[in-house]
Amino acid sequence: MNDGTAEDLAGGLFDGRDDGRDDDCDGHRVAVLLPLPLATPYDYLAAPELGLARGDIVRVPFGHREVDGVVWGPGSDELPKAKLKPVARRQDVPRMSEEL
């Protein structure tokens with residue numbers, strides 16, 4: 001069972017779809033849901049040392065500012081990694097539950 005903990009990332013959120021890393025970018029793709037009127041989550045690169053899991057609150061760049069968002073799951077492969085921006089940081093707050 002995947003309860004969204006950091007230990008589950010290797011077999012869950014980061015399911016190996018991104019193992020072939022681009023030379024110019026490091027990290028895993030994560031989908032981040034932003035509190036903005038957008039149709040879908042945006043993809044960002046998450047450094048492995050952040051230890052992100054589904055439901056974590058993160059700070060990400062968006063345009064000329066930074067906003068808080070929720071790690072929603074693994075990112076898509078629609079954009080090349082070189083075009084993705086990195087997650088700035090994981091906020092020190094409790095993770096959102098799956099029910100929310």
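Is Pro35 buried or exposed? I began with this residue, keeping in mind that the model I am reading is a predicted one. I found Pro35 in the loop between β1 and β2, and because its relative accessibility is 66%, Pro35 counts as exposed. I then looked up how Pro35 stands to Val70, and noted that the two are 35 residues apart in sequence, while their C-alpha atoms are 8.8 Å apart in space.

Next entry, on the nonpolar core. I looked up the largest nonpolar core and found that it has 13 residues, with Tyr44, Val60 and Val87 as those having the most contacts inside it.

I then followed Val60 in particular, and, leaving aside neighbours within four places in sequence, I listed its contacts as Val32, Leu34, Tyr44, Arg65, Glu66, Val67, Val87 and Ala88.

Last entry, on Asp56. Where does Asp56 sit? I located Asp56 in the loop between β2 and β3, and I wrote it down as buried because its relative accessible area is 3%, which is under the 20% cut-off. Not counting residues up to four places away in sequence, I found Asp56 touching Gly51, Gly69, Val70, Val71, Arg90 and Arg95. Looking at its side chain, I also noted that a polar atom there lies 2.7 Å from the backbone nitrogen of Ala53.

Note on methods:
Residues numbered from 1 in each chain as written. Predicted model: local features only at pLDDT ≥ 70, side-chain atom pairs only at ≥ 80, totals over all residues. Heavy atoms only, no water. Core = buried A, V, L, I, M, F, W, Y, C linked by side-chain atoms within 4.5 Å. Buried < 20%, exposed > 50% of the residue type's maximum accessible area, 1.4 Å probe, protein only. Contact = heavy atoms within 4.5 Å. Helix = DSSP H or I, 4+ residues; strand = E, 2+ residues; numbered from the N terminus. Polar contact = N/O pair within 3.5 Å; in protein donor to acceptor, adjacent residues only side chain to side chain.
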